[in-house]
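Subject: Structure for your files

Hello,

Please find the structure below. My notes come after it.

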Amino acid sequence: KNVPPSFSQATLVAAGDIMVHKTQYLQAYNSEEDSYDFSPSFQLIAPYLQSADLAVANLETTLAGRDKGYRAYPRFNSPDEIAFALQEAGFDLLATANNHSLDSGEGGLYRTLEVIEEAGLEAFGTARSQQERDDPLLLEANEITLAFLSYTYGTNGIPLPEGKDYIVNLIDEDLMARDIARTRQEGADLVVVYMHWGQEYQFEPSEEQRRLARF
């Protein structure tokens, strides 16, 4: 007996880089409560995020804690409140592999992941252990299983800690091929890859980006 095919549909909203420059965290500061409120920055896009089944963006800063001092370019450290504002706006997960992943060192990278989790969000692209790096992030939306991977061209010259290559996913075709194959084996219907690449302020992809995209 022929069983008719069933169809599922889901909406994924994807945003680019979320950075917190000094002007942004200064305007978000509430002196009476000694805290930060970034929610106004996302009010206009929140309805679009909340109407999606999944919403994802790239968090291009670190959340290393107030005691490390908040700062912007060239090495970012932002208030924890940004993660909670993103969750409140409707984001579900954040890519964390980018050239600013190690701006606050190894400890800052670990704490960033902790704060993201505390805010109720998922993270992908950086890891605290080899096992965590190798365990693909799979999320389900309307019976569709999506895997999320992210990679960066580098970390602004800040070296990865010795013996801890797993800490930030760097663009490496062999690694990416293995990761994609692993997500398929784990049951992913679709694989979403966030690439942090290219030349800043260039509006057309380079030949290398085109080649990697085809790959």
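This is a predicted model: local features need pLDDT of at least 70, side-chain atom pairs count only at pLDDT 80 or more; totals for chains, interfaces and linings use all residues.

Residues are numbered from 1 along each chain as its sequence is written, and side-chain values use heavy atoms, with hydrogens and water left out.

Seven helices and nine strands make up the secondary structure of the chain (DSSP runs, H or I of at least four residues for helices, E of at least two for strands, numbered from the N terminus). The C-alpha trace spans about 70 × 40 × 35 Å along its principal axes. Of the 215 residues, 45% are buried, meaning under 20% relative accessible area with a 1.4 Å probe, protein chains only. Among contacts (heavy atoms within 4.5 Å) between residues at least 6 apart in sequence, 75% join residues at least 24 apart.

Now helix α3, residues 81–89. Its buried residues are Ile82, Ala83, Ala85, Leu86 and Ala89. They lie on the same side of α3, because they cover an arc of only 160° around the axis (taken from the directions from the helix axis to the C-beta atoms). These buried residues pack against β1 (12–18), α2 (46–50), β4 (54–59), β5 (93–95) and α4 (105–118).

Regards

Notes. Buried means under 20% relative accessible area, exposed over 50%, partly exposed in between (1.4 Å probe, protein chains only).
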